[in-house]
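Welcome! Here is a short briefing for anyone meeting this structure for the first time, grouped by topic so that you can follow along in the viewer.

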Amino acid sequence: MARLLVVHHTPSPALDSLHRAVLDGAGADGLEDVEVVSRPALLAGATDALEADGYIVGAPANLGSMAGALKHFFDLAYYPCLEATVGRPYGVYLHGNDDLGGAQRDLERIVTGLRWREAHAAVHVTGAPSADDLAAAWDLGATVAANLLDP
Ligand SMILES: Cc1cc2nc3c(=O)[nH]c(=O)nc-3n(C[C@H](O)[C@H](O)[C@H](O)COP(=O)(O)O)c2cc1C
């Protein structure tokens, strides 16, 4: 069975609603053959990454970058994954108050190094997530999961 790993840092209700929408999408009808594993970023590591077939990462923007919790996951997983996970599909969601640019740039540098393949455009949300934002997060989950069945 294909496995989707969701690595998330969820310190607030806004991020919780995005995380739940991603999981709902990844568990949509027709995706029963995808096992979804969700790990808080501070508890996730290289083994989780190596055992998965695709990835969704989600976090707040903090201090002009991705939250340190998500960076910590990449710090642990980067070199073990460097050759082993090339070409695997991924997606990203980010939340913040006003400026997600630095966080997105930092993430892009990392996934470029890993040579992961973007399966869905990054979902960027500022402020309280709207119905459209939650729909975009749902679509992110469903699309990356579907990509594991039909790359
Ligand atoms: C120390 C700190 C730094 C932050 N830096 C940024 C930032 O650079 N860009 C941004 O858009 N939001 C920034 N934020 C806002 C967080 O991204 C936001 O609090 C988080 O996504 C949770 O959203 P919520 O507080 O609306 O629930 C920062 C928050 C904190 C506490």
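Of the 14 residues around the ligand, the nearest are S12, A14, P60, A61 and G96; a residue counts as near a molecule or strand if its C-beta atom, placed from the backbone, lies within 6 Å of it. Please keep in mind that this is a predicted model, in which local features need pLDDT of at least 70, side-chain atom pairs count only at pLDDT 80 or more, and totals for chains, interfaces and linings use all residues. Residues are numbered from 1 along each chain as its sequence is written.

**Around the ligand**
- At least two residues of the shell come from each of α1 (13-26), β3 (54-62) and β5 (89-96); helices (H or I, at least four residues) and strands (E, at least two) are DSSP runs, numbered from the N terminus.
- With three residues, β3 gives the most to this shell.
- The shell divides into six nonpolar, six polar and two charged residues, where Ala, Val, Leu, Ile, Met, Phe, Trp, Tyr, Cys and Pro count as nonpolar, Asp, Glu, Lys and Arg as charged, and the others, Gly among them, as polar.

**The nonpolar core**
- The largest nonpolar core has 49 residues, and L4, V7, V22, I56, L70, A137 and A145 have the most contacts inside it.
- Helix α5 (residues 131-149) gives the most to this core, with nine residues.
- Such a core is a set of buried Ala, Val, Leu, Ile, Met, Phe, Trp, Tyr and Cys residues joined through C-beta atoms within 7 Å.
- Buried here means that 20 or more other C-beta atoms lie within 10 Å of a residue's own (exposed is 12 or fewer, partly exposed in between), with C-beta atoms placed from the backbone.
- L70 touches V7, H9, A41, V57 and A59, leaving out residues up to four places away in sequence; two residues are in contact if their C-beta atoms, placed from the backbone, lie within 7 Å.

- The buried residues of α5 pack against β1 (2-8), α1, β2 (34-40), β3, β5 and β7 (123-126).
- G141 lies in this helix and is buried, because 31 other C-beta atoms lie within 10 Å.
- Beyond residues up to four places away in sequence, G141 touches A21, V22, L23, D24, G25, A26 and I56.
- G141 and G91 are 50 residues apart in sequence, yet 8.1 Å apart in space, C-alpha to C-alpha.

**Strands β3 and β5**
- Eight of the eight residues of β5 are buried, so this strand is largely enclosed by the rest of the structure.
- P89, G91, Y93 and H95 point one way from β5, while Y90, V92, L94 and G96 point the other way.
- β3 is mostly covered too, with eight of its nine residues buried.
- Six bridges join β3 to β5, which run parallel; strands pair if DSSP finds at least two bridges between them.
- Within β5, G91 is the bridge partner of I56, and Y90 is that of Y55.
- β1 and β3 also pair in the parallel sense, over five bridges, with L4 opposite G54 in β3.
- β3 and β4 form a hairpin with two residues between them, and L63 in the turn has a positive phi of about 55 degrees.
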